[in-house]
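Subject: Structure handover

Hello,

Here is the structure for your files. My notes on it follow below.

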Amino acid sequence: MNDEGVAQFKKLNLDNDSSTNNNLLERNNHEKLVSTSQKPSNQLKNGLLGWYAVCSTRELKDNKPYFFTMFNEPLVIYKDKENNLRCIKDLCPHRGASFIGGEVIDGELVCPYHGARFSSKGECTNLSRITCNHIVDDNYDNYASKIHLFQYICKEVGDYIYIYYTGKAKTNLNDFEVTDPLYTRFINNYGFNIDEYAFEEVVVDFKCDWARIIENHLDILHLFWVHGETIPDNEVNRKVITSFNQEITKERDQIESKYKYKDKTKGEFIRIKFLPPGRIVIYKGEPKEARYIQVLDHIPLSKNQARVIVRHYRKFMKNKLITELLLFRKLQHRVFYKVFTEDYMILRTQTFNNQMGYVEKDNVKLLGEDKMVQYYWDWFKSSNIKDNPWEIHPINSDTNSVHQDIAMLYPPANNKLQKKNTQSIKINLLIRMLIPIGLLLLIL
Ligand code: FES
Ligand SMILES: [Fe+2]
C-alpha cells in the first residue's frame, strides 16, 4: 500500500461530504456501546444495504470512468476536477442514455448521446447544447433545475473504493442519512495493523449467485475436497481427514469462527471473519501476530453475477524486489485463478438449484460443521426480508443484458489471462537465468 493509502486508512474517512462527521460520531457512540455492554448482541447490525468495497483504486488509474452494477443498477465511478470520487447512476437525465462510450473531460462527465456535460455536483453545465435555448428560452431555468445526475456517497480508503449503497441514488449527497458506519469493515478495527503488510490483489467475476460465493468462502469443509490439490498445505488434502474444534462468536459487526485442530499439538488451523454485507477476512492466530491475511470483498453485480476482490496481505516479503524475484505476485494470481475455477462449476450449478427452489426445500441438510454457513444464512434471510435489494431494480429474462455483459471484466476461466500469466512467468524465469550468466560473462 502506498503512503497515501496508509494515511487514508488511518484517517478512516476522508471525503468532503458531511457523512464523514456522522461516521466518526457514530464510531464514538459505538465504542461506548461496546465498552459498556456486558454481552455482545447476537444480532448483526448491518443488513444488505450499506457500505460495499466495490473496486480497487487501481481501476481508476487512467482516470477513465469505471462501469459496474450493484443489485442490477448500472453505476459509474469517476474522478471529478478536484480529484474527488463520484459514484453516479449510469443514466443521463436528458433522455436516459448510459455514459458508456462517453468521456470525462476536465473532470466533467459527458454523455455520448447529445453531449450533455455534468459538473461534479451533478448539474448540467452546457444546457445550450441540449435545449436549443434560442427556442425554449422561457423555460430554461425550469429545465436546468430538473436535469441533474443521481449519485451515491463514495469514498476511497486503503486503496479501496467504497460506496454507500441504498438502492436510491440522490441528486444531493447531503440527503443521504448514513446509518451504517464504514469503519466496521476496516480490518484495523479488529486489531490488525495494516501498515505492516504488503498486499497483492486478484479480481474475479462469477456468473452465479452472490450469496453462494460468500457461503463458499465461509465454508472450510470444501477446501479439503475441492482445492486439496491446489492449496500448498499438506493438511489440506483429499486424503487427509482432519477434525477441528470450532468456536463461533457473533457480535454486532461480525461473525467469527476459529478452527483449532482437535489434535492439540497442531494448534490452530484458521480463523474466518464475516463483516456484513460483503467482506470476509481469513487469517491465523491473533490479529496482531497474523503473518498473512486474506480479505475477500463480494460485490453483488446482478442477480446472476458477482465480483470478488481478493487481497492477500503478507507481513513477510514486504520488499518489492524480493516479491518480484520470487514471482510471488504472478504465482499467486495463478493459484487464485485455479482455486476459483475449481469452485466455478459448483457455484453455477448450485445457483441453478437455488433459483429452482431446490435448496430452499427439504432437499438439503446443513451439518454441525456448517454452523458458520447456517449463521450466515440466518443473517442473509432476515436482511433480505428487511432490505429486499433485488426488488429495487428488478430485471427479467427479457432485459437487455448490456450492463451485465460489460460488467463481466474478470471471468475466472479466462484463457487469455491464463496464457498471458504463464507467458510472463516464463519470460521472468528466462530473465532471471540470463542475469547471472550475463554478470558472469562481464566479470570474465
Ligand atoms: S441522453 Fe444524454 S445528452 Fe441526451
Ligand atoms: Fe472454494
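Two definitions come up at once: buried means under 20% relative accessible area, exposed over 50%, and partly exposed in between (1.4 Å probe, protein chains only). Helices (H or I, at least four residues) and strands (E, at least two) are DSSP runs, numbered from the N terminus.

By those terms, helix α5 (residues 210-218) is largely enclosed by the rest of the structure, because nine of its nine residues are buried. Among them are Trp 210, Arg 212, Glu 215 and His 217.

The ground rules: this is a predicted model, where local features need pLDDT of at least 70, side-chain atom pairs count only at pLDDT 80 or more, and totals for chains, interfaces and linings use all residues. Residues are numbered from 1 along each chain as its sequence is written, chains are lettered from A and ligands numbered from 1 in the order in which they are written, and side-chain values use heavy atoms, with hydrogens and water left out.

Overall

The protein chain has eleven helices and 16 strands. Of its 444 residues, 50% count as buried. Take contacts (heavy atoms within 4.5 Å). Among those between residues at least 6 apart in sequence, 63% join residues at least 24 apart.

His 227 and Asp 343 link distant parts of the chain, 116 residues apart. His 227 sits in the loop between α6 (221-226) and β11 (244-250), Asp 343 in helix α8 (residues 328-355). His 227 is buried at 1% relative accessibility, and Asp 343 is buried at 2%.

Hairpin

Strands pair if DSSP finds at least two bridges between them. β11 and β12 (residues 255-261) pair antiparallel over seven bridges. They form a hairpin with four residues between them. Gln 246 stands opposite Tyr 259 in β12.

Around Ser 383

Ser 383 lies in helix α9 (residues 371-387). It is buried, at 3% relative accessible area. Leu 48 is 335 residues away in sequence, yet 5.9 Å away in space, C-alpha to C-alpha. Leaving out residues up to four places away in sequence, Ser 383 touches Asn 46, Gly 47, Leu 48 and Asn 388. Asn 388 lies in the loop between α9 and α10 (402-407). It is partly exposed at 34%. Its phi is positive, near 45°, in a residue other than glycine.

Other backbone points

Asn 72 also has a positive phi, near 80°. It is in the loop between β2 (66-70) and β3 (73-79), and is buried at 7% relative accessible area. The peptide bond from Pro 276 to Pro 277 is cis, with omega near 5°. Pro 277 lies in the loop between β13 (268-275) and β14 (279-283).

Best wishes
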